[in-house]
Amino acid sequence: MSETLTRPVTRQAELPAWPVVLLFAGFPLLWVLGLASFAPMICAVPMLVLLWARGNVSLPVGSAFWIFFVIWAAVAVLALDNIFRVVGYGVRMTNYLGATMVFVYVYNLGRQRFSDRRALTVLLAFFAFVVLGGWLGVLLPEVRLTTPTSLVLPGSIASNEYVGALVRPRFAEVQQPWGAPQPFTRPSAPFAYTNGWGCNVALLVPCMLALVSLAGRRVRLATILVLALGIVPAFATLNRGLYIAVVVGLLYAVVRFAFHGRLVPLGGVLAGGVVVAGAAHAVGLFSSLSQRLEYSATNESRSTIYAEAFNGTLASPLIGNGAPRPSATLDISVGTQGQIWNVMFSFGFVGLFLFVGWFAWLALVSVRWQHSSHLWLHVSLVVALLTIVYYGYDGPQLSVMMLVAALVLRRIRPPEVMA
């Protein structure tokens with residue numbers, strides 16, 4: 001199950017947990033500085049130094065999927081057709097490299113020093129800030145944060161639309177499609193886009209339910225409170241992808257709990273689902289969704305851009321096109337609107353196989369469980385397999401999933417390679 005890459009050492013030192021804590025619990029500070037989207041790579045630097053100083057690194061065999069994917073993505077730089085696309089390509093590569101280091105570091109952290117409970121509590125701090133950002137989007141939708149990073153970047157880089165969205169983040173996306181009687185205010189903070197908020201929440205909800213099953217009374221109550229507070233901004237996003245992911249994840253968990261006769265967590269999930277569904281009906285969520293669908297052409301535009309992405313990959317099937325490119329028919333880029341489409345168009349069918357293979361392998365090896373927290377972490381991986389179809393994955397999403405992957409895989413590695 002594991003391979004160990006070893007540099008001679010006389011005594012294996014313990015790794016500290018603070019770089020991981022900085023990444024997630026310190027995310028608010030990085031966001032205010034305009035560095036939130038680069039947080040994984042920033043925190044990867046001390047992780048790399050500490051791993052090298054310790055001199056012993058263990059990796060699961062299945063991580064070859066991810067390692068070869070990152071290598072393949074690096075090779076795809078040869079396919080870039082425009083020097084200006086190097087900026088977007090560079091941001092995405094730093095996301096991949098930073099997330100890789102998160103996985104390697106947490107996988108090698110001793111479970112006594114950084115237990116599942118502690119790791120999930122760190123994620124609770126991150127989730128609480130995501131919920132707070134959602135409330136900022138609800139209450140102050142027109143505000144856009146001017147960060148120190150946005151002030152010091154060269155104009156040629158800061159003027160890039162993608163980079164500008166990262167270093168001058170809005171609290172919400174305010175959209176008014178043609179013919180709509182009023183604008184749709186969709187929270188996005190602390191991320192650049194509403195879909196980023198929705199994707200992070202979809203991945204984090206199962207993690208929070210895992211923490212509920214592990215934590216003591218105070219942390220459990222705090223987690224439930226944050227989950228409850230997240231309902232209002234979640235409704236405000238009108239984000240169908242978020243709702244689909246959460247419903248599918250919860251239904252999958254219900255089936256698994258029922259199959260194993262686990263009545264207490266099963267009852268809790270069902271009761272929570274009924275309460276949320278009732279609240280959604282009471283505030284008119286379904287009518288708001290219907291109105292947005294009436295005036296929005298997202299379904300048609302997505303199908304068009306997906307077709308363009310597939311045809312564009314056929315033109316360069318091995319290493320792809322390096323990065324998204326402008327659509328010939330729409331005002332959005334080909335290779336967006338979903339991570340697998342981005343990977344396929346940017347890095348070819350080989351990159352797509354390696355990327356999807358990694359997440360599929362994670363879901364497969366985590367399918368067996370002995371505790372409720374195990375199942376919820378597995379559910380988060382299942383949700384990831386679903387959401388990569390329609391959500392883009394930036395640094396925070398990738399880092400959350402790599403943390404979950406490390407927690408799952410270090411449970412099943414042979415005892416002789418435990419840190």
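## Close-up views of a predicted model

The structure holds five salt bridges, a salt bridge being a side-chain nitrogen of Lys or Arg within 4 Å of a carboxyl oxygen of Asp or Glu. This is a predicted model, in which local features need pLDDT of at least 70 and side-chain atom pairs count only at pLDDT 80 or more, while totals for chains, interfaces and linings use all residues. Residues are numbered from 1 along each chain as its sequence is written, and side-chain values use heavy atoms, with hydrogens and water left out.

**View A. Salt bridge between Glu14 and Arg113.** The side chains of Glu14 and Arg113 meet at 2.7 Å, N to O. Glu14 lies in the loop between β1 (2-6) and α1 (18-25) and Arg113 in the loop between α5 and α6 (116-139), so the pair ties together parts that are 99 residues apart in sequence; helices (H or I, at least four residues) and strands (E, at least two) are DSSP runs, numbered from the N terminus. Glu14 is exposed, with a relative accessible area of 60%, whereas Arg113, at 35%, counts as partly exposed (buried means under 20% relative accessible area, exposed over 50%, and partly exposed in between, with a 1.4 Å probe and protein chains only).

**View B. Salt bridge between Arg410 and Asp116.** The side chains of Arg410 and Asp116 meet in a salt bridge at 3.3 Å, N to O. Arg410 lies in helix α19 (residues 395-412) and Asp116 in helix α6, so the pair ties together parts that are 294 residues apart in sequence. Both Arg410 and Asp116 are buried.

**View C. Network of Asp81, Arg85 and Arg325.** Salt bridges link Asp81, Arg85 and Arg325 in a network, and within it the side chains of Asp81 and Arg85 meet at 2.7 Å, N to O. Asp81 counts as partly exposed, at 45% relative accessibility.

**View D. Packing of α17 with α18, and of α3 with α5.** Helix α17 (residues 339-365) and helix α18 (residues 372-387) pack at an angle of about 150 degrees, with their axes 9 Å apart; axes are lines fitted to C-alpha atoms, for helices over the stretch in contact, and angles run from 0 to 180 degrees between N-to-C directions. The two helices α17 and α18 are therefore roughly antiparallel to each other, where angles under 35 degrees count as roughly parallel, over 145 as roughly antiparallel, 65 to 115 as roughly perpendicular and the rest as oblique. Helix α3 (residues 39-54) and α5 pack at an angle of about 40 degrees, with their axes 8 Å apart, which makes α3 oblique to α5.

**View E. Backbone at Pro190, Leu238 and Gln337.** The peptide bond from Ala189 to Pro190 is cis, with omega near 10 degrees, and Pro190 is placed in the loop between β4 (184-187) and α10 (194-214). Leu238, although not a glycine, has a positive phi of about 50 degrees; this residue lies in the loop between α12 (231-237) and α13 (240-259) and, at 7% relative accessibility, counts as buried. Gln337, also a residue other than glycine, has a positive phi near 65 degrees and sits in the loop between β6 (333-334) and α17, where Gln337 is partly exposed, with a relative accessible area of 26%.
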